[in-house]
Amino acid sequence: MILPITAYGHPTLRRETEEIDENYPNLNELIENMFQTMYHSDGVGLAAPQVNLSIRLFVMDASPLGDEMEEFKDFKKVFINPYITETSGNEWSFNEGCLSIPGIREDVKRPDKIVMEYYDENFEFHEITLEGIPARIIQHEYDHLEGILFTDLLPPIKKRLIKSKLANISKGKINVDYRMIFPKK
Ligand code: CO
């Protein structure tokens with residue numbers, strides 16, 4: 001089932017997220033729905049707050065990048081209760097977008113390398129070290145669990161330039177070809 005995506009300005013995007021355990025109701029179904037929703041809207045990652053749930057969970061599929069980077073061909077993963085424990089390497093800029101902020105893409109600076117602990121969909125514990133694009137996608141999705149959006153990370157001048165566009169998104173004045181939940185007025 002394709003789920004509607006919370007739009008910029010929706011309070012769930014700013015809310016604190018809670019850890020879950022294997023008893024979380026219909027978890028497998030939720031994960032399946034999140035992947036479906038992500039593919040439907042051409043995303044490479046989707047975090048629970050974007051489907052209006054305040055839990056520490058995001059999904060990601062970097063296999064579209066597999067054309068250029070062999071190692072990510074099957075990089076389809078579920079991250080439950082993730083914590084980034086270390087970031088390192090040089091900060092670099094990459095043009096990011098977000099399904100909750102349609103029509104806006106901006107260069108965002110982030111560190112190159114991360115170490116992250118998480119549980120997979122079978123509640124097995126992992127610690128991974130990643131760099132480059134996958135580390136980038138993960139940092140973006142991880143930020144969603146912390147109530148942070150990529151537009152928060154822009155320099156003040158850029159923020160001013162996109163202010164009215166962001167306001168329009170939160171008012172639903174936007175053309176988008178997937179279903180969204182807008183903040184109540
Ligand atoms: Co996003």
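The legends below describe close-up views of a predicted model.

**View 1. Glu 117 within strand S5.** In this predicted model, Glu 117 belongs to strand S5, which covers residues 106–119. The relative accessible area of Glu 117 is 28%, so this residue counts as partly exposed, given that the partly exposed class lies between the buried limit of under 20% and the exposed limit of over 50%.

**View 2. The surroundings of Glu 117.** When residues up to four places away in sequence are left aside, Glu 117 is in contact with Asn 81, Pro 82, Tyr 83 and Thr 85, and also with Phe 125, His 126 and Glu 127. Between Glu 117 and Ile 84, the C-alpha to C-alpha distance is 6.4 Å, although the two residues are 33 residues apart in sequence.

**View 3. Strand S3 and its side chains.** Strand S3 spans residues 57–61 and is mostly covered, with five of its five residues buried. Leu 57, Val 59 and Asp 61 point one way from the strand, whereas Phe 58 and Met 60 point the other way, and the residues of both groups are buried.

**View 4. Strand S3 beside strand S2.** Strand S2, made up of residues 45–47, pairs with S3 in the antiparallel sense, and three bridges link the two strands. Gly 45 has Met 60 of S3 as its bridge partner, and Met 60 is one of the buried residues of S3.

**View 5. Strand S3 beside strand S4.** Strand S4, which runs over residues 76–96, is antiparallel to S3 and is joined to S3 by five bridges. Val 59 has its bridge partner in S4 at Val 78, and Val 59 points the same way from S3 as Leu 57 and Asp 61.

Key. Residues are numbered from 1 along each chain as its sequence is written. This is a predicted model: local features need pLDDT of at least 70, side-chain atom pairs count only at pLDDT 80 or more; totals for chains, interfaces and linings use all residues. Side-chain values use heavy atoms; hydrogens and water are left out. Helices (H or I, at least four residues) and strands (E, at least two) are DSSP runs, numbered from the N terminus. Buried means under 20% relative accessible area, exposed over 50%, partly exposed in between (1.4 Å probe, protein chains only). Contact means heavy atoms within 4.5 Å. Two strands pair if DSSP finds at least two bridges between them.
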